[in-house]
Amino acid sequence: MDRERFEEHLAAPTGRGALRSGGHDGHAGGALCGDLIRVSVRVEGDRVVAAGFDADGCGALTAAGSAAVMLVEGEHIFTAARVGTTAIAEELGGLSPGKLHAADLAADALHRALGAAAREAAVPVDEGRVLVAMSGGVDSAVAAHLLRENAVAVTLELWRDEENDAGASCCSADAVRLARMVAHQMGLPHFTLDLRPEFRAGVVDPFLAGYAAGETPNPCVSCNGHVRLDEMLALADRLGAPFLATGHYARVTEDGLLRAAADPAKDQSYMLAALSPASIARMRFPLAELTKPEVRVIATEAALPVASRADSQDLCFLAGTGKARFLARHAGLEDKPGEIVTTTGEIVGDHHGAHNFTVGQRKGLGVQAPEPLYVIRTEGRRVVVGSKDELATQRVRVRGARLHRPGSEVDAVRLRYHSRAVPCRVVGEGRSLELELGEPFHGAAPGQTACLLRGDVVVGVGTITA
Ligand SMILES: Nc1ncnc2c1ncn2[C@@H]1O[C@H](COP(=O)(O)OP(=O)(O)OP(=O)(O)O)[C@@H](O)[C@H]1O
């Protein structure tokens with residue numbers, strides 16, 4: 001550690017107290033660690049024209065704030081977005097592990113400020129530039145690696161749960177830091193976009209309302225369709241990038257529709273079904289033709305620090321909480337005990353809350369029966385169960401439908417993310433459709449997405465209704 005640079009920043013901090021208003025602020029730290037820092041930047045066009053900071057904590061935090069300001073002021077916004085913990089620590093002549101926390105906080109605050117400022121930036125268009133959505137996971141890291149020649153990275157902060165920081169999930173502050181580190185290792189500028197209000201309003205609230213109404217909502221489809229991709233495309237415009245890439249496994253046809261990925265085991269076209277053709281035209285999916293093992297090999301060969309990171313398993317905002325607790329805490333959906341009854345009305349058990357059940361569910365009913373029982377529907381507090389045959393349906397109603405091709409072209413539908421396509425015919429037109437299935441489907445749950453297909457091409461989308 002070279003004390004000299006550190007002492008210089010400490011003795012005469014660059015930009016301390018500057019830009020208390022008129023810029024975009026980013027804050028980091030808090031009561032838990034006792035350190036608090038604010039970094040502000042003002043961006044005009046594609047340049048950081050002014051920067052400042054305030055710090056309340058140890059000396060290292062002041063030095064780190066000063067270093068951050070010095071490294072970004074007057075620079076191109078992409079140069080500023082390449083500044084992270086490492087660059088700040090280097091500017092201070094190296095930091096002992098105990099003091100690295102200060103550089104982390106300064107980088108967090110800087111990137112929150114830069115992310116906000118970037119939403120108003122105006123970087124000239126470069127036809128080859130791609131904005132890459134990095135979650136902190138291996139798939140998007142490999143996507144960024146494949147596009148690294150002309151890429152800018154973005155990570156969305158979607159959810160911060162005060163009681164449970166969802167540290168393991170792609171929405172969390174930890175994941176943002178990890179994604180930033182990986183992007184910086186590749187030499188990419190990295191932006192953090194705070195979409196917490198949009199995510200709460202556009203994804204979490206409808207999710208809670210869906211459960212309260214007895215449905216099984218699909219928040220990922222609406223998140224992709226209306227929230228995160230729209231916001232990232234708007235940022236891409238600001239950063240002069242015609243394209244947006246993600247680590248999703250999906251392909252795009254020559255006529256601009258989504259198509260299943262080459263690896264059926266990883267296909268995520270269902271999750272992207274709500275994307276409009278205008279958005280699809282700007283999307284790039286670098287993993288479209290790859291399998292997961294191939295992606296891991298690329299990550300290992302490129303020594304990406306996330307090469308062995310586990311796949312995300314649950315809805316990002318539920319990480320570490322579990323659905324029942326989340327619904328209780330955020331939607332007031334406390335336990336409301338009720339009966340479990342058969343379709344003939346025979347009471348066969350009881351439960352703690354009907355919202356904990358979904359149509360088609362077999363496990364966790366706690367009912368002893370000679371043949372497997374499934375949830376057929378919920379009726380207020382009652383959960384109705386029956387045999388697999390009783391669960392089967394050949395007609396499904398869909399609301400909020402959007403078709404990108406005439407309904408007559410639809411020949412199959414997927415009614416759940418992990419279920420296979422079922423042959424089907426569309427009856428009717430407009431936003432409410434009826435689907436006639438060519439074979440019985442078990443477990444069409446109201447609230448789930450119906451992904452309308454022509455072969456393996458997504459030609460429409462809707463929501464299953466009761
Ligand atoms: N918080 C986020 N910020 C930016 N992009 C994100 C975020 N979460 C997801 N994405 C983008 O959406 C893609 C699919 O996300 P999904 O949650 O399905 O994760 P995944 O398939 O496990 O991918 P990864 O390994 O990249 O996390 C990611 O590869 C990434 O490009």
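## The ligand shell

Helices (H or I, at least four residues) and strands (E, at least two) are DSSP runs, numbered from the N terminus. This is a predicted model: local features need pLDDT of at least 70, side-chain atom pairs count only at pLDDT 80 or more, and totals for chains, interfaces and linings use all residues. Residues are numbered from 1 along each chain as its sequence is written, and side-chain values use heavy atoms, with hydrogens and water left out.

The ligand is surrounded by 17 residues. A residue counts as near if one of its heavy atoms lies within 4 Å of the molecule. Ala133, Ser135, Ser140, Leu156 and Gly247 are the closest. By type, the shell divides into 6 nonpolar, 9 polar and 2 charged residues. Here Ala, Val, Leu, Ile, Met, Phe, Trp, Tyr, Cys and Pro count as nonpolar, Asp, Glu, Lys and Arg as charged, and the others, Gly among them, as polar.

## Atoms beside the ligand

Start with the backbone. An N or O atom in the backbone of Ala133 lies 2.6 Å from an oxygen atom of the ligand. For Gly247, a backbone N or O atom lies 2.9 Å from an oxygen atom of the ligand. Arg228 uses its side chain: a polar atom there lies 3.1 Å from a nitrogen atom of the ligand. A polar contact is a pair of N or O atoms within 3.5 Å; within protein, one must be able to donate a hydrogen and the other to accept it, and residues adjacent in sequence count only if both atoms are side-chain atoms.

On its own, the ligand has 580 Å² of accessible area, and the protein covers 91% of this. Such areas come from the Shrake-Rupley method with a 1.4 Å probe; for residues, only the protein chains shown count as cover.

Five strands form an open sheet in the order 6-5-4-7-10, with parallel pairing. Strand 6 (190–194) and strand 10 (283–284) are at the edges, each with a single partner strand, so one side of each has no neighbour in the sheet. Two strands pair if DSSP finds at least two bridges between them.

Look at strand 4 (residues 130–133). It pairs with strand 7 (residues 243–245) over 3 bridges, in the parallel sense. Val132 has Ala245 in strand 7 as its bridge partner. Helix 7 (residues 173–185) lies across strand 5 and strand 6 and runs at about 160° to strand 6. Axes are lines fitted to C-alpha atoms, for helices over the stretch in contact (heavy atoms within 4.5 Å). Angles run from 0 to 180 degrees between N-to-C directions.

Another open sheet has 3 strands in the order 1-2-3, with antiparallel pairing. Strand 1 (24–29) and strand 3 (47–56) are the edge strands, and each pairs on one side only. From one strand to the next, the twist averages 15°.

Strand 2 (residues 36–44) pairs with strand 3 over 9 bridges. Val39 has Phe53 as its bridge partner, and Val41 has Ala51.

## Strand 15 and its partners

Strand 15 (residues 392–403) pairs with strand 18 (residues 433–442) over 6 bridges, in the antiparallel sense. Thr393 stands opposite Phe441 in strand 18. Strand 15 also pairs with strand 20 (residues 457–465), antiparallel, over 5 bridges. There, Leu403 has Gly460 as its bridge partner.
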